[in-house]
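Let's take a walk through this structure together, starting where the chains meet and then moving on to a few individual spots. Have the 3D view open as you read.

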Amino acid sequence: MSVASFIISLFGFTILAPLAGGLLAGIDRKVTARLQSRVGPPLLQPFYDVAKLWHKERWTVNNYQGFYVLMSLVFAIIAGVIFFAGGNFLLVVFILTLSTLLFVLAAYSTRSPFAEMGAEREIVQVMSYEPMVIIMSVTYYLAVGSFNTNAVLTLGRPIITYLPLVFIGLLFILTIKFRKSPFDLSYSHHAHQELVKGISTEMSGRTLALVEVTHWYENILFLGWVGIFFVWGSWLAVLLTVVALVVVYFLEIFIDNNFARVKWSAMLKWAWLVTIVCAVVNMASLNWSWLG
Amino acid sequence: MGSLTTLNLAFLIIFPVIAAGILLVIRNERVRGGFVVVMGALIILASITFGVRYIGGPGAYLSVDADWLSYLALAIDMICCLYVLLKGIQHKRVWAVVLALLQAVLVICFEVFLAHHVQITHEIYVDAFSAIMVLVIGVIGGGICIYANGYMVDFQKHEDEHNKPDRRPVFFSLMFVFLSAMFVIVLSNDMAWLLTGWEVTTVCSFALIGYTRTDEAIRNSFRQIYMNLAGGIAFSVALIILAAGVNGATPMLELDKLIASGGSVAVMLPVMLLCFAAFTKAAQMPFHTWLLGAMVAPTPTSALLHSSTMVKAGVFLLIKLAPCLGWGFNGVTVALVGGLTFLACSLLAISQSNAKRVLAYSTVANLGLIVACAGVGTAEAVWAAIFLLVFHAAAKSLLFLCVGTAEHHIGSRDIEDMDDLFDRLPRISRLMALGILCMFMAPFGMLISKWATLVSLADTGHLVLIVILAFGSAATFMFWAKWLGKVLAVSQSAHPVEKGVHRTEWFALGLMAVLALGLSITFPLVSQVSVVPYLESTFGWHLGSTISFDNLAIMAVIALFLFAIFIFQFIRPRKKPDIGIYMAGIGTDTEHREYRNSLSGVSQAGQRNWYLSKAFGEKTVTPPAYIVSIVLIAVGLGAAVLIGLGLIQTGGLL
């Protein structure tokens, strides 16, 4: 991670990611609506929503919550900047976990029963996806020989060819990270769920706007994780990556609209099972190919 | 080695013992208070002087030409055995009597028939790692002794209500003896002396755990002594084998020579036995129950056992032996036992609501991680292990002291009762939050050490351990995050009850907080100055790319940033909330979370944390973990016996 790439990423990610993330949310809502035979809101609706939230009157249940949410946003941005600057993959994962923790603390600080329920669920979600995320970054290292995300640019072929199972595991837990049904336990956009936005129950106005923006940043970062599997030292990579991202995101929307929310225990069990199988088989095959 | 060093060494080891002797006869509370503070401060200063001198140095060896010291060590061994023997008879515990007798016989056999035939060149050594250990023991241990002062005043008030005798003189003197024994362990090159220190810590913690003399305390203290005597016996057998020179090995009793032998087949069995002894001391599965039981003792004891002494003696020995481990039967056994312990205890901690029990499981889990690193045995893994040890000592003692003080002021150590601690104990709760963050979150030290562990596992191809670490870390997030959430929940109606926390307690809490945070911020520097030189001299290793200096620096900057921003946030004047919390439109008093129920009465809404006890309770997790750990240790020991004694030739397998 050179200073130049860091500065480019700092400005590039900080400015472009929310635009792309908001647009993605708009497309998401549009596609979802079409899947449900509705027309759906305008493409730019997420931006209108956030703008409206921003100008709402400020009501807060305590003066810590907003601070935690702001810090959560800051660390999500830092994680993204390091990732797109070609920095250390594990560092990205750890800083993003810090961001998530701060979001959980924001909910806890309110002592609201609904928010606390959401916070508990969020923690279980973290516990469900974290092993796969850690294993993804370690197997990335095993395949590439470096933790730096820019190391893929020197490869002769994309790492999906080394880590196909890890990629499938990542897709599975991304459903949790994108907050998509069936794993949208703590924070959902489906009005029919029993607890829709548990973790953000007490967040309103600007605080809620920041939560939305954080989510946009995160989504772009996650798409970066998907994309890195298809990048190698060739211009063809751009094409392949774009196709892969479109397919993956459509798949997530499709899953979101076709599965009913499950209980935490099912989420934990499935996520861990998929992680173990994918991780062990893929790592073992990597290792054997070294020996051979 | 100048005379100054000898003086400093002698001071570290002898001075606490003298202090302990004097403490036995001081009955006045105020006099004792002053004395303990002065002695604690002196030990802290002495260890800092010592640590600073040697922390970056190449290491030095010292020979002590005094036979009487060896006789003294033997006498102390015998006193330890005798004490356990008498206690065993008093409480009718057959196994304690049997084990103590066996240990006594082994030590006498060793001293009489073998020890004198082995030439010992250097009895004492000092290197950067032992300097680090001296700092951990002296600064954190000394701080805990000072803390104990105020704590035990409150503790005794409670005891007086039940007409219990005041046994504090014994308590304080045991604490100081403990420190002295730990110094012996980390500075002895003569393994017979190391064993003496080892046995003294075992017996001291036996007496400290049984301090309150309740049935539970006595039961738990005997559980501790069974397990640790078994470890002590394994240690003695290892010494006998080493001194006898079985299977063509040169007889040796010096730690540096054993390490230099690099884990050759001839020393395989004694190394495994020493690892076994370390497992018992470091409370690895299946021996973890003694550490859980140890929390019946007053909190300063727990803090001391968990952070700077006792269990750290176990992992210290393993880290020293790391060059003998690595890819081989011994190394893999050690790595897997540690890994299994880390995973199982991290999962178990999720199901606990008793704060001290969560801390205990977390200690065992982190020790497991250190043990696993030692088992991996590369320089990178040892780097991680040393930092895990240091950061764990600082953060865990901070947490224990917070929980202890909180318990005296809110009357509970249950995490569910810490709901509005943020307002009831403003400063304690913030320190507790800092301690928790230091245990598991970026950018603090424990996490960076875990990161280094992960990298070294990937580099050595320990795939099973990578998976274990990934899952264990996820569980770690779960149990710390929900505790942290409770502690940081802002209440609108609670009143502070923080008055009456003793000044000695504030001092120790502040010291631990400064250590935990300061070390996280100065991490890159500490690594360059102290640990890297040690690794270079031990492994001939030049700092590779475990974690690059840039990334360490990024973490340090973030730690500083977080610290600054949180300080700013917490000194801002509190604003009254604009609005109450959402109660689905039926709230009557949102400050107390009360709502109108379906019978038109008033109910209070509550939200307990999730403990997931069906999935991660002791009944679910412990039995399989027991089976696996026992099988692992049995296989490891069996292999060591068969191969180490030359009964089986392995050829290229090793």
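**Where the two chains meet**

Between chain A and chain B, the count comes to 3 salt bridges. Keep in mind that what you're looking at is a predicted model. One of those bridges pairs Arg111(A) with Asp419(B), and their closest N and O atoms sit 3.1 Å apart. Polar contacts turn up here too: 8 residue pairs across the interface of chain A and chain B, with both partners at pLDDT 80 or more.

Which parts of chain A give two or more residues to the side that touches chain B? They are the helices α3 (65-84), α4 (89-108), α5 (113-144) and α9 (264-291). Of these, α5(A) supplies the largest share, at 17 residues. Sort the residues on this side of chain A by type and you get 38 nonpolar, 11 polar and 7 charged.

Now for the contact as a whole. Chain A puts in 56 residues and chain B puts in 69 residues. Together the two chains bury about 5700 Å², and 76% of that is on carbon and sulfur atoms.

Let's zoom in on a residue at this contact. Thr97(A) sits in helix α4 of chain A. Is Thr97(A) buried or exposed? It counts as buried, because its relative accessible area is 9%, which falls under the 20% cut-off. Leaving out residues up to four places away in sequence, Thr97(A) touches Glu130(A) in its own chain, along with Met441(B) and Phe477(B) from chain B.

Another threonine to look up is Thr60(A), in the loop between α2 (45-54) and α3 of chain A. With residues up to four places away set aside, Thr60(A) touches Lys575(B), Pro577(B), Asp578(B) and Ile579(B). Its side chain also reaches the backbone oxygen of Asn62(A), at 2.5 Å.

Finally, turn to helix α8 of chain A, residues 236-258. This helix has 23 residues and reaches 33 Å from its first C-alpha to its last, close to the 33 Å expected at 1.5 Å a residue. An α-helix has 3.6 residues a turn, so residues three or four places apart point the same way. Keep that in mind as you pick out the buried residues of α8(A), among them Ala237(A), Thr241(A), Ala244(A), Val248(A) and Glu252(A). What do the buried residues of α8(A) pack against? Their partners are α1 (3-35), α6 (164-177) and α7 (205-228) of chain A.

Key: Residues numbered from 1 in each chain as written. Chains lettered and ligands numbered in written order. Predicted model: local features only at pLDDT ≥ 70, side-chain atom pairs only at ≥ 80, totals over all residues. Heavy atoms only, no water. Contact = heavy atoms within 4.5 Å. Buried area = accessible area lost by both parts, 1.4 Å probe. Salt bridge = Lys/Arg side-chain N within 4 Å of Asp/Glu carboxyl O. Polar contact = N/O pair within 3.5 Å; in protein donor to acceptor, adjacent residues only side chain to side chain. Helix = DSSP H or I, 4+ residues; strand = E, 2+ residues; numbered from the N terminus. Nonpolar A, V, L, I, M, F, W, Y, C, P; charged D, E, K, R; others polar. Expected span 1.5 Å × (residues − 1). Buried < 20%, exposed > 50% of the residue type's maximum accessible area, 1.4 Å probe, protein only.
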